[in-house]
Amino acid sequence: MATALLDMPTPTQPAPTPDDNPASPAASPHLASRISLFDRIVLTGFMGSGKTTAGRLLARTLHWAFLDLDREIEAREGRSVPQIFAESGEAHFRRLEARTLAALLGRRNVVIALGGGAPEELGNRLLLEQTPRTAVIHLAAPLELLLERCRVQSLRPDATARPVLADLETATRRYIHRLPLYNRLATHTIHTATHNPTTTVQAILTALST
Ligand code: S3P
């Protein structure tokens, strides 16, 4: 169901604590030793792939910090992403994105959610590939499902507008251009169409432990 990935745990549906979770490093010495090979886990994928939701949950499971690239850019700039696009243009946003990514990759024990367009820049891809002890996870899903999730997300009261989703044709063109870039960049790909956030995190941990 398209909305399942978007559902953050509610008070009546508590997220599993790391120690209740069979895929948690606390429950598996093997997983803990595999995760210790990494200083950071970066989530990539198109808009609507669930990078932020899964990233937050993954960070909580690992007792790591969670950083969302878009939110970091906004905090540094004092402006929202749509404002930056409208006032300064996409090229300027991409420069801020590259600079902020470089700064975040200096952190250890972090899960970082990229914006969907970050891997389009060659410099960002090289930086990610050349940063040691960094796993890059592609959260993949069919375009129709990604767009449906974006549509559902845009109805939320706390929704952040996505300037590059203005029309279907442009979004499709960007997706087709980016898909091979996500796949080449990723050390691991998780197909999320049949997952919810909890099982996505379990799939990431399983992929990292094999
Ligand atoms: C963008 C994706 C957005 C944000 C900006 C541009 C893109 O992030 O960085 O609106 O070019 O795909 P999310 O993928 O988190 O929505």
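Ala 65 stands opposite Val 110 in S3. This is part of the pairing of strand S2 (residues 65–68) with S3, which run parallel and are joined by 4 bridges. Strands pair here if DSSP finds at least two bridges between them. Helices (H or I, at least four residues) and strands (E, at least two) are DSSP runs, numbered from the N terminus. The model is predicted: local features need pLDDT of at least 70 and side-chain atom pairs count only at pLDDT 80 or more, while totals for chains, interfaces and linings use all residues. Residues are numbered from 1 along each chain as its sequence is written.

Strand S3 (residues 110–113) also runs parallel to strand S1 (residues 40–44), again with 4 bridges. Here Val 42 has Ile 112 of S3 as its bridge partner.

Turn now to helix H3 (residues 69–77), in which Leu 69, Asp 70 and Ile 73 are buried, meaning that 20 or more other C-beta atoms, placed from the backbone, lie within 10 Å of the residue's own. Seen down the axis of H3, these buried residues fall within an arc of 100°, so they line one face of the helix; the arc is that of the directions from the helix axis to the C-beta atoms. They pack against S2, helix H4 (81–88), helix H5 (90–104) and S3, with contact meaning C-beta atoms within 7 Å. After H3 comes Gly 78, with a positive phi near 70°.

Which residues are around the ligand? They are Met 47, Lys 51, Asp 70, Val 81, Gly 115, Gly 116, Gly 117, Arg 162, Pro 163 and Val 164, where a residue counts as near if its C-beta atom, placed from the backbone, lies within 6 Å.

Terms used: A residue is buried if 20 or more other C-beta atoms lie within 10 Å of its own, exposed if 12 or fewer, and partly exposed in between; C-beta atoms are placed from the backbone. Two residues are in contact if their C-beta atoms, placed from the backbone, lie within 7 Å.
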